[in-house]
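Reader: I've got a model open on my screen and I'd like to learn how to read it. Could you walk me through some features?

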Amino acid sequence: MHMHKFEKIWLAFGIGALVVFLVTIGVSAFYLGNKPPSCLTTINPEKVNQTKPFTEPGLHKVEGKEWNYELVYVASAFSYNPVQVEVPLGAKVRVIATTTDVVHGFEVAGTNINMMLEPGYVSEYTTTFDKAGEYLIVCNEYCGAGHHLMSSKIEVVK
């Protein structure tokens, strides 16, 4: 079967693009450890404030886990609880967050922490804070009229 040279070029380009895409995904998933957020943990959105660990939002030291601290957040109509928290420099932190009402975003500006908080689900992300300073948490999913007022702050201290 005879193929025109332009068909061969486009076929090679398509196969090359597919190989580059698969290598990029493979490196991201296996070498860098990136993975989609787990929506395996569910919660009753009406009883968030009565369900551990959301009964006490904030930073908590933990023992016997891969991380040193758990940072628990509850999002609700135009606010995050807690509003501000201090995290020790170099601490490995497991961020655990959920929402009580509508879909909210949870983006820590200047880091790669970016989660979607959906009612009925718990979002988790483990990270290490290597730079001291203040990190602003913003909602990057439109959630209503007060969306622009929704923020919190993580202060990484030495």
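Author: Let's start with burial: buried means under 20% relative accessible area, exposed over 50%, and partly exposed in between, using a 1.4 Å probe and protein chains only. By that rule E70, at 13% relative accessibility, counts as buried. Before going on, bear in mind that this is a predicted model, where local features need pLDDT of at least 70, side-chain atom pairs count only at pLDDT 80 or more, and totals for chains, interfaces and linings use all residues. Residues are numbered from 1 along each chain as its sequence is written, and side-chain values use heavy atoms, with hydrogens and water left out.

Reader: Got it. Where is E70 placed, and which residues does E70 touch?

Author: Helices (H or I, at least four residues) and strands (E, at least two) are DSSP runs, numbered from the N terminus. E70 sits in strand 2. Contact means heavy atoms within 4.5 Å. Leaving out residues up to four places away in sequence, E70 touches G58, L59, H60, V62, K65, R94 and I96.

Reader: What does the side chain of E70 make with the side chain of W67?

Author: A polar contact, at 3.4 Å. The term covers a pair of N or O atoms within 3.5 Å; within protein, one must be able to donate a hydrogen and the other to accept it, and residues adjacent in sequence count only if both atoms are side-chain atoms.

Reader: And salt bridges? How many does the count come to?

Author: A salt bridge is a side-chain nitrogen of Lys or Arg within 4 Å of a carboxyl oxygen of Asp or Glu. By this rule the count comes to three. One of them joins the side chains of K65 and E70, at 3.5 Å from N to O. K65 is partly exposed at 47%, while E70 is buried.

Reader: Which side chain meets E124 in a salt bridge?

Author: That of R94, with N to O at 2.4 Å. E124 lies in strand 8 (residues 123-128) and R94 in strand 5 (residues 92-99), so the pair ties together parts that are 30 residues apart in sequence. R94 counts as buried at 18%, and E124 as partly exposed at 23%.

Reader: Which residue forms a salt bridge with K153?

Author: E134 does, the closest N and O atoms being 3.7 Å apart. This pair links distant parts of the chain, with K153 in strand 10 and E134 in strand 9 (residues 133-138), 19 residues apart. K153 is partly exposed at 27%.

Reader: Let's turn to the backbone. Which residues does a cis peptide bond join?

Author: K52 and P53 are joined that way, with omega about 0°. P53 lies in the loop between helix 1 (5-31) and strand 1 (58-61). A cis peptide bond also joins N81 and P82, where omega is about 10°. P82 is in the loop between strand 3 (79-81) and strand 4 (84-88).

Reader: What about F78: is its phi positive or negative?

Author: Positive: phi of F78 is near 65°, in a residue other than glycine. F78 is found in the loop between strand 2 (69-76) and strand 3, and is partly exposed at 32%.

Reader: One more. Is K158 buried or exposed?

Author: Exposed, at 87% relative accessibility. K158 is in the segment after strand 10 (151-157). Not counting residues up to four places away in sequence, K158 touches L89 and A132. K158 and H148 are ten residues apart in sequence and 31 Å apart in space, C-alpha to C-alpha.
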